[in-house]
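Hi everyone, thanks for coming. Please have a look at what is on the screen, and then we'll walk through it together.

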Amino acid sequence: MHRSKASTEQRPRTLLICVNRRFGSDKPSCAARGSVEIADALEAGVRTRRIDIETERLRCFGQCPHGPNLRPAPGGSFFHRVAIEDVPSVLDTLEKTCGTRSETAAEKPVPPLHLLGS
Ligand code: FES
């Protein structure tokens with residue numbers, strides 16, 4: 001795995017994952033190199049570890065020879081040549097950069113009504 005230099009210092013909100021597959025072409029594509037499995041693992045890891053970032057699959061960054069490619073947005077640096085074995089390391093980086101989500105209101109236990117006051 002290789003990382004390019006970040007273009008800004010903004011905190012990323014979305015992890016963009018290329019899952020483009022080219023049929024009938026000898027040009028490289030991220031999906032032909034395993035990006036769908038990588039996307040599945042990253043999405044599951046973000047959910048399980050409650051990392052505060054959304055994930056979005058997209059079709060091609062124009063970085064095809066360097067794939068599979070990921071990019072935190074806005075402004076994050078590319079992860080190039082990502083392998084399934086790199087997923088824990090990518091998740092560690094995202095968790096360090098984005099933090100984790102606190103419990104949502106729906107998940108928090110509701111106190112009994114008599115403890116809510118009047
Ligand atoms: S196919 Fe993934 S960047 Fe082009």
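In what order do the elements of the protein chain run from the N terminus on? They go β-β-α-β-β-β-α. That comes to two helices and five strands. Before we go on, keep in mind that this is a predicted model.

Two numbers for the protein chain as a whole. Of its 118 residues, 23% are buried. And if you take the contacts with a separation of 6 or more, 72% of them are between residues 24 or more positions apart.

Now to the helices, starting with α1. Helix α1 covers residues 35-49, which is 15 residues. From its first C-alpha to its last, α1 reaches 20 Å, close to the 21 Å expected at 1.5 Å a residue.

Which residues of α1 are buried? They are Ser35, Ile38, Ala39, Leu42 and Val46. These residues cover an arc of only 100° around the axis, so they sit on the same side of α1. If you are new to helices, here is the background: an α-helix has 3.6 residues a turn, so residues three or four places apart point the same way.

What about the face turned away from the buried side of α1? That face carries the exposed residues Arg47 and Thr48. And what covers the buried residues of α1? The cover includes β2 (14-18), β3 (54-58) and α2 (87-98).

So α2 is our next stop. Helix α2 has 12 residues and reaches 16 Å from its first C-alpha to its last, close to the 16 Å expected at 1.5 Å a residue. The buried residues here are Val87, Val90, Leu91 and Leu94. Looking down the axis of α2, you find these buried residues within an arc of 100°, so they line one face of the helix. On the face of α2 turned away from its buried side you can find the exposed residues Pro88 and Lys96. The buried residues of α2 are covered by elements including β2, α1, β4 and β5.

In general, two packed helices are described by the angle between their axes and the distance between the axes. Here, the axes of α1 and α2 come within 10 Å and cross at roughly 45°. That angle makes α1 oblique to α2. Which residues make the contact? From α1 they are Ile38, Ala41, Leu42, Gly45 and Arg49, and from α2 they are Val87, Val90, Leu91 and Glu95. As for handedness, α1 passes α2 in a right-handed crossing.

Next, what happens just after each helix? You'll find arginine 50 in the loop between α1 and β3. Arginine 50 counts as partly exposed because it has 13 C-beta neighbours inside 10 Å. Following α2 is glycine 99, whose phi is also positive, near 75°.

There is another residue to look at for its phi: cysteine 60. Cysteine 60 is not a glycine either, yet it has a positive phi of about 85°. Its place is in the loop between β3 and β4. Cysteine 60 is partly exposed, since 15 other C-beta atoms lie within 10 Å.

While we are in the loops, let's look at two prolines. Proline 68 is in the loop between β3 and β4 (70-73). The peptide bond from glycine 67 to proline 68 is cis, with omega near 0°. Proline 74 lies in the loop between β4 and β5 (79-80). The peptide bond from alanine 73 to proline 74 is cis too, with omega near 5°.

My last stop is glycine 34, in the loop between β2 and α1. Is glycine 34 buried, exposed or partly exposed? With 15 other C-beta atoms within 10 Å, glycine 34 is partly exposed.

Technical notes. Residues are numbered from 1 along each chain as its sequence is written. This is a predicted model: local features need pLDDT of at least 70, side-chain atom pairs count only at pLDDT 80 or more; totals for chains, interfaces and linings use all residues. Helices (H or I, at least four residues) and strands (E, at least two) are DSSP runs, numbered from the N terminus. The expected span of a helix is 1.5 Å times one less than its number of residues. A residue is buried if 20 or more other C-beta atoms lie within 10 Å of its own, exposed if 12 or fewer, and partly exposed in between; C-beta atoms are placed from the backbone. The arc is that of the directions from the helix axis to the C-beta atoms. Two residues are in contact if their C-beta atoms, placed from the backbone, lie within 7 Å. Axes are lines fitted to C-alpha atoms, for helices over the stretch in contact, and angles run from 0 to 180 degrees between N-to-C directions. Angles under 35 degrees count as roughly parallel, over 145 as roughly antiparallel, 65 to 115 as roughly perpendicular and the rest as oblique. A crossing is left-handed if the near helix is turned anticlockwise from the far one by less than a right angle, and right-handed if clockwise.
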